[in-house]
Amino acid sequence: MATLFRVLLILILSDSLVSTRGLGVGINYGQIANNLPSPSRVAYLLQSLNISKVKLYDADPNVLTAFGNSNVEFVVGLGNEYLQKMTDPNQAQTWIQQHVLPYIFQTKITCITVGNEVLTGNDTQLMSYLLPAMQTVYGALGDLGLRKDVYVTTAHSTGILGNSFPPSAGVFRQDLAEYIQSILNFHSQTDSPFLINAYPFFAYKDNPGQVSLDYVLFQPNPGTTDPITNLKYDNMLYAQIDAVYSAIKAMGHTNIQVTVSETGWPSKGDPSEVGATLENARLYNSNLLSRVQQNQGTPAKLSVPIEVYVFALFNEDLKPGPSSERNYGLYYPDGTPVYDIGLQGFLPRMDYAASNRNALSFFHLLLFPVAFLTCAL
């Protein structure tokens, strides 16, 4: 029975990967919650969705182990609390030896993010640690023979921009210029991407009277035209990406790729959070996925398909802040979809091992899948 179970599992997963419309983008897998399924169950869900890129905010060994031999590429993270320690070469090498080396030969770890949105915080000392920590981690990867396999970067919010419209006039904040210039030099030297967390939702929430909802949701709309380049933009996300490219160019760099490390839309929010609705979340993410699957570039970078990591896989019930922070997930923790964006996937009811009991549970799963979406875009 155990052998039969393994064969059936392979056949069903293989069929799912062939027939399922894949997500086509990366996904942020946050875990600030007390009710999430185990990583081994999540691995089945993401494989059934044909997701090939996952971004973590740490280097959870349980997740990295669960995804062994899955062909999923992982971004792992060093939280802001690690930055000072990571300026020490010995500590950086020890961290990599403990959190990357044991898993990298089974799980594809392709990137380490050092810190998250550090430059838009209020801790100037933390800002001063950021680049040295990135450089030291990069050096430690080289010492361990991993420099060609794993790149090093950090994620920024769009708050680092001093001007974002028109996109061709995008510039970084003057008070952050010294930090950003050095970071850009690092990216250029190491051929690593510049990560930006971009949320058109915030622009709409803060100014719904002037920001077009259709424009931020990728819905049909008149769009806006950059008066300098005459390029037309029909959505805010692409305008934000091109503003970052312009800001990078203004600092003398043209060979650095911009990756959207986070973007998404909450399905629920507080009364004051205008636009945080289930329907708007569905429209934003489904329209975004449709664009990405067409391999579209931005108006200023037509030949460069955008790389996007959607935020997030699950609703996270322990996240602090307004209600929206706990409602960005595509899925509820029990594996049911928050809304339908044309994906098909399933979350097993329990972790699987080669046993008769689990084989029977698997047959039950086939008859009563927990998460199943059928509508096409």
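Ala, Val, Leu, Ile, Met, Phe, Trp, Tyr, Cys and Pro count here as nonpolar, Asp, Glu, Lys and Arg as charged, and the others, Gly among them, as polar. By that scheme, the lining of the second largest pocket has 8 nonpolar, 6 polar and 4 charged residues. The model is predicted.

**Largest pocket**
- The largest pocket holds about 660 Å³ of space.
- It is lined by 31 residues, and Ile32, Tyr57, Gly79, Asn116 and Glu262 are the closest to its centre.
- Strand E3 (73-78), helix H5 (89-99) and strand E4 (108-116) each supply at least two lining residues.
- E4 gives the most, with 3 residues.
- The lining has 14 nonpolar, 9 polar and 8 charged residues.

**Second largest pocket**
- The volume of the second largest pocket is about 280 Å³.
- Tyr245, Ser246, Lys249, Ala300 and Lys301 are the closest to its centre, out of 18 lining residues.
- Helix H10 (residues 236-250) provides the largest share of this lining, 6 residues.

**Strand E5 and its partners**
- Strand E5 (residues 151-157) is largely enclosed by the rest of the structure, because 6 of its 7 residues are buried.
- E4 and E5 run parallel, joined by 4 bridges.
- From E4 the chain passes through helix H6 (residues 124-143) to E5, in a right-handed β-α-β crossover.
- E5 also pairs with strand E8 (residues 194-197), in the parallel sense, over 3 bridges.
- Alanine 155 of E5 is the bridge partner of asparagine 116, and its bridge partner in E8 is leucine 195.
- Asn116 is also among the residues closest to the centre of the largest pocket.

Key: Residues numbered from 1 in each chain as written. Predicted model: local features only at pLDDT ≥ 70, side-chain atom pairs only at ≥ 80, totals over all residues. Heavy atoms only, no water. 1 Å grid on protein atoms, 1.4 Å probe; cavity = no way out; pocket = protein on both sides within 12 Å on 5 of 7 lines; lining within 4 Å. Points joined across faces, edges and corners; volume = space filled by probe spheres on them. Buried < 20%, exposed > 50% of the residue type's maximum accessible area, 1.4 Å probe, protein only. Pairing = 2+ DSSP bridges. Right-handed = clockwise from strand over helix to strand, strands pointing away.
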